[in-house]
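Visitor: Could you take me through this protein chain, from its overall build down to single residues?

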Amino acid sequence: MFDTLLIANRGEIALRIQKAAKGLGLRTVCVYSEADAAAPYLETADQAVCIGPSASKDSYLNADAIILAALQTGAGAIHPGYGFLSENTAFAQAVVDAGLVFVGPDAACIRAMGDKVAAKKAMIAAGVPCVPGPDSALPYDFIEIRRIATEIGYPVILKAAGGGGGRGMRVVRTEEELAKAVAVTREEAERFFSNPDIYIEKFLENPRHVEIQMICDSHGNALWLGDRDCSMQRRHQKVIEEAPAPGIDRVLIAEVGERCARACRQIGYVGAGTFEFLYEDGQFYFIEMNTRVQVEHPVTEMVTGLDIVAMQLRAARGEAFDVVQSEISTAGHAIECRINAEDPYSFAPSPGKLTEVVLPEGEGVRVDTHIRAGYVIPTHYDSMIAKLIVHGRDRGEALARMRAALDGFHIGGVVTNIPLQAALMDEPGFVEGGMNIHHLEHWLAERSSQ
Ligand code: ADP
């Protein structure tokens, strides 16, 4: 049991975690890099510790500095947030070795889910539907590889077992391309991820991205908290997320959710996690599990009324959840727009000083952000400065509320993507719902060619 939490992250999620921790009566310690020395959330933390220079590798990725800060401030636990060290096996283990609690699953779970081949094996064992293809790494014998590819049927996709961040993947459309693609992907797997293992699966042409939120305690309670649709992506980066996913049979979602819960129980998973799926022609196909809280968790919180970050902290404290699966239901519809300091159409980052910040208000409106007027957005980190989340009785009401909220959101001093988000709220495809993962890029390409 711990009473002080160190938050090993920055920006909106550092504040989000701080609020949840305070709600549970915990003391909070925030770490920061030199570039974040003036971040507003440091003022409301019980203690703030500088862990190094601006570059992430010297601060937010510096495991030793973070653990030392925890030990020096009497923190008993570390919440990694998302990104940075949140899915780093060595860090999760080092935290525990230092006698501290890591807010998340244990290192073995992170490792198993970080290896995509091991993850796929575990999912198949739990009956979670996966993309067609073997549950093992490819052999080196090309004749055998060619046989497997033919059996799956082209197009196929080659992926590095240790891959991530959209790297180490290659689509192969014909048998003629296969040999070269195998060689290049293997070489990349080795170079980027120090693991030459690659695997193969069916390439789905027009899927949607639908995911299932999990939260698990250490007493065997694995709960699935419904689904999210995150198909509105640009370069594999999510731009808009919503819950629930429009137009998908709720019985099917429940079936997949139950299987995810079973998988979590089988691997002894503790904490928050997300099963990511591609969804095409009425079928779910597992692609990966994220072993941390996600940027888009608020849409699930809005429809379930649960506080996922507080539940992460309760699970880390060894508490058993006081809610069971049959009590979890979703109401209405929630949409999240990521607000980035970047040009809405060229996507060029726009760091700098904020001269004005007016946050939208209204029924069903939530803004997760650390910004205020006078705040200077550093150049060193990603461009997301806020998340605007709305809830409505149905998708139509959520859309209307999002339009109004975007209209009432004013940020001066830098350029933001608010105009893009506003345009998307009136874009016929998004308004209809259920678009695939290519929809946003196609719409952007069409727009720029006009
Ligand atoms: P990463 O860990 O690098 O993000 P993922 O396995 O999550 O890799 O895949 C990233 C993206 O690549 C997916 O969101 C999807 O757009 C695409 N993708 C991955 N596997 C497939 C597949 N079998 N068919 C079609 N697209 C895929």
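This is a predicted model: local features need pLDDT of at least 70, side-chain atom pairs count only at pLDDT 80 or more; totals for chains, interfaces and linings use all residues.

Visitor: How does the radius of gyration of the protein chain relate to the globule rule?
Guide: The protein chain holds 15 helices and 20 strands, which are DSSP runs numbered from the N terminus (helices H or I, at least four residues; strands E, at least two). The globule rule is 2.2 Å times the number of residues to the power 0.38, and the radius of gyration is taken over C-alpha atoms. For 450 residues the rule gives 22 Å, so the chain is as compact as a globular protein of that length, with a radius of gyration of 22 Å.

Visitor: What percentage of the residues in the protein chain is buried?
Guide: A residue is called buried under 20% relative accessible area, exposed over 50% and partly exposed in between, using a 1.4 Å probe and protein chains only. By that criterion, the buried share of the 450 residues is 57%.

Visitor: Which residues does Phe91 touch, not counting residues up to four places away in sequence?
Guide: Contact here means heavy atoms within 4.5 Å, and Phe91 is one of the residues that touch the most other members of the largest core. With those sequence neighbours not counted, Phe91 touches Ala63, Ile66, Ile67, Ile78, Leu85 and Phe102.

Visitor: Is Thr28 buried or exposed?
Guide: Thr28 lies in strand 2 (residues 27–33). Leaving aside neighbours within four places in sequence, Thr28 is in contact with residues including Leu5, Ile7, Thr44 and Asp46. Its relative accessible area is 0%, so Thr28 is buried.

Visitor: What relative accessibility does Met214 have?
Guide: Met214 belongs to strand 9 (residues 208–216). Beyond the residues up to four places away in sequence, Met214 touches Ala222, Trp224, Cys260 and Phe275, among others. Met214 counts as buried because its relative accessibility is 0%.

Visitor: What distance separates the C-alpha atoms of Lys238 and Cys337?
Guide: Lys238 is placed in strand 11 (residues 237–243), and it counts as buried because its relative accessibility is 13%. Among its contacts, leaving aside neighbours within four places in sequence, are Glu211, Glu276, Glu296 and Arg338. Although Lys238 and Cys337 are 99 residues apart along the chain, their C-alpha atoms are separated by 9.3 Å.

Visitor: How many of the eight residues of helix 10 are buried?
Guide: The buried residues of helix 10 include His297, Pro298 and Glu301, and the helix is followed by Gly305, whose phi is positive, near 75 degrees. Helix 10 (residues 297–304) is mostly covered, and its buried residues number seven.

Visitor: Where is the peptide bond from Ala243 cis, and what is its omega?
Guide: Most residues other than glycine have a negative phi, and most peptide bonds are trans. The bond from Tyr154 to Pro155 is cis, with omega near 0 degrees. Pro244 is placed in the loop between strand 11 and helix 9 (250–267), and the bond from Ala243 to Pro244 is cis, with omega near -10 degrees.

Visitor: Is Asp281, with its positive phi, buried or exposed?
Guide: Asp281 is found in the loop between strand 12 (271–280) and strand 13 (283–290), and its phi is about 50 degrees although it is not a glycine. Its relative accessible area is 73%, so Asp281 is exposed.

Key
Residues are numbered from 1 along each chain as its sequence is written. Side-chain values use heavy atoms; hydrogens and water are left out. A nonpolar core is a set of buried Ala, Val, Leu, Ile, Met, Phe, Trp, Tyr and Cys residues joined through side-chain atoms within 4.5 Å.
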